[in-house]
Number of protein chains: 2
Amino acid sequence: MTERIHATYWLETGDDPRRAADVIAGEQSSGTFVALPNETPELKARSGARVERLDVLESVDAPSLAGGMRSQTYTRCTLELSWPIENFGASLPNLMSTIAGNLFELRQVSGLRLTGLRLPDSFAAAYPGPAFGIAGTRRLTGVAHGPLIGTIIKPSVGLSPEETAQQVRELVQGGIDFIKDDELQADGPHCPFDERVKAVMRVVNEHAERTGKKAMVAFNLTGDLDQMRRRHDLVLAHGGTCVMAVLNSVGIVGLHELRRHSQLPIHAHRAGWGYLSRSPALGWDYAPWQMIWRLAGADHMHVNGLRNKFSEPDDSVIAAARAVLAPVMESAPMPAMPVFSSGQTGLQAADTYAALGGRADLIHTAGGGIFGHPQGVAAGVDALREAWCAAIEGVPLAQHAQQHASLRAALGFWK
Amino acid sequence: MTERIHATYWLETGDDPRRAADVIAGEQSSGTFVALPNETPELKARSGARVERLDVLESVDAPSLAGGMRSQTYTRCTLELSWPIENFGASLPNLMSTIAGNLFELRQVSGLRLTGLRLPDSFAAAYPGPAFGIAGTRRLTGVAHGPLIGTIIKPSVGLSPEETAQQVRELVQGGIDFIKDDELQADGPHCPFDERVKAVMRVVNEHAERTGKKAMVAFNLTGDLDQMRRRHDLVLAHGGTCVMAVLNSVGIVGLHELRRHSQLPIHAHRAGWGYLSRSPALGWDYAPWQMIWRLAGADHMHVNGLRNKFSEPDDSVIAAARAVLAPVMESAPMPAMPVFSSGQTGLQAADTYAALGGRADLIHTAGGGIFGHPQGVAAGVDALREAWCAAIEGVPLAQHAQQHASLRAALGFWK
């Protein structure tokens, strides 16, 4: 039996839903707007996309998106399509053209969102997945249990290499597990990549030699391919243990090539995710999107955070994190680590832990939640870590704080 | 004086527009949600994004996108921001992270769309732009004036290499200038890329040797980087004159690397454009988007077509085509060729020509408009070409048809 690719959509249509489903299936496989003499029944059976499921959810009076066909009523449904893998082979770029190509602008569509993806084993044979994932990240950081406590260098841009290294010094002395560049920090003349890496790794290495603990620093090497390879090599040569790339900025080929070259975990940033997802009637859910990037090699995937400073609601954040923790497929789990950020403190630890069903295989980054601690950065790091201990042990924060001064002080300013 | 990057947005906000503009500028440069001790006035002056313009357009009662801050009124404005190039250098991937990064999901934003982009000269020094563009495409096809008359192989997928070549045979015998793979056709076992290229180029080369006219065939080589390079080399070795890549499927690094390798024009497909653009309150206008891809090396850019079968209105199509014909920047025009498609016939020729201010530097692809001709494919190609002659000469179609039997017959079925 042929392998098939399954994609699920939230569809809103002014047309008869069955006809709309057939149009989408046709347009994304052997058909087009008009009947074709060469589209024989045999060809269609071999290459046509198949409507696997069409469940009507509700009807509304007005279309979510304009420009489509006019109607009295617009039907919302769950649509599942499948394609034979023979249409394009186990290729992530061509998968994209098929499951998320010329279908969002169809007239039959007044809303379309890709909500799910199920891939056959061939994709796991064709793509490497993360080289480090959860286990490799734990090994490199020496954090065997619980979350990695992390932060982001701020200001995002504008610091010199030495100022960056000074901030890193405070953080590693404070016992931090993970530090990342902001996604806006790249290789400008005020903070050249090479000098930043050298200055930061000097601090990180010195601390590691003295204490045995080496913080993982995700250097943002986003750029053209040669630049990314060269920057990776520099990070590696200076004892660095992570590189960061912005997925929407480099694209699938960029990440795949970086993965092929890299000897370090790839911290994958999702900047631009808003334009792919902010309209509920259009674009992508995180579950199918992150699957593609994990196959291509992402080790860490950003998922925002509970009660974040952005517009994303908590249920969406948790769905994203669960998707990152779920196997890509049964035969190839390709585990990656979700990264929580934005307005985070220890106050979100217990809820995050519970929402993930008691898993703490994650990176929890806080900025103000660490730097704002009245007793300094070390106390900020410690407080966040203790909040997680409390969460994992099922002890209320206030109770746990009785034995932990840093956490006690943190509860005074976290909000 | 430092070079600056300028981006323009359509912004809708429930906040005071000035405050929202400052938040966006801060978030995308040196700032973040909270005041930072290290964000000194000097650092901010050096690295901060600047609000160059903020024009209020109108106010509405309800937000376009949910999840943002609640308000009685939502203000729509034109916002122009600028960044010093020193923040990240002349880098397209890092440009993406900055102008289209973590800003669409801000709470202050109930709608945000990137509408314009102005780049400094450094970008033209850092990126090659199209290697062939309009002049190179005309040279390779021998079409000195007027549009290239083109079509797309259909069914999109399912034909064998020999069946594809048979369709190509009809088309080249009919005098076509340009043929492209559908974006769903890649390298599956029913129609392997190599066999397709060999079968098709045999037909194209034979016809060219006999007649001197060589049709340009855009073979879709979208895939992983090694695959794209290898496929390109095969097309080149077999005398092909064009390759096609799906931009959203390969990403900026993918296109840039293909451009560095390629000795052929790159036909750039925009499949997936719908999820970037279909919500008017979110995402991208085509003008800034196509500029990025042209810098990276796209020779031909899809723009849909007038009175198309999709949901895109005509003014959007024309704005897109004009953007592709406009210079990337004064010092580096990097001309590319717009590609019109979807439900096209000769009936759109005059309107298209007029809307472009009397330019015909374009590829006009028709499917049913050519194949549906009662006198056959050659007559279909001829009718479309004659419709363009009429448009360029300013003669009404019906009048021009009096001297041209193929056009006369076409007017009976074009609609």
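In this tour, helices are DSSP runs of H or I with at least four residues, strands are DSSP runs of E with at least two, and both are numbered from the N terminus. This is a predicted model, in which local features need pLDDT of at least 70, side-chain atom pairs count only at pLDDT 80 or more, and totals for chains, interfaces and linings use all residues. Residues are numbered from 1 along each chain as its sequence is written, and chains are lettered from A in the order in which they are written.

Begin by selecting residues 133–414 of chain A, where an unreviewed UniProt entry places the feature "domain: Ribulose bisphosphate carboxylase large subunit C-terminal", an annotation that may be inferred rather than shown by experiment. The span is 49% helix and 12% strand, and its end C-alpha atoms lie 31 Å apart.

Next, turn to the cavities (sets of points on a 1 Å grid over the protein atoms alone where a 1.4 Å probe fits but cannot get out, lined by residues with an atom within 4 Å of a point). The structure holds 3 of them of 30 Å³ or more, a volume being the space filled by probe spheres set on the points, which are joined across faces, edges and corners.

For the largest cavity, of about 230 Å³, select Met96(A), Asn248(A), Tyr275(A), Asn248(B) and Tyr275(B), which lie nearest its centre among 21 lining residues.

Finally, visit the second largest cavity, of about 60 Å³, whose lining includes Ser47(A), Glu86(A), Gln185(B) and His190(B).

Note on methods:
Side-chain values use heavy atoms; hydrogens and water are left out. On a 1 Å grid over the protein atoms alone, a cavity is a set of points where a 1.4 Å probe fits but cannot get out, and a pocket is an open set with protein on both sides within 12 Å along at least five of seven lines; lining residues have an atom within 4 Å of a point.
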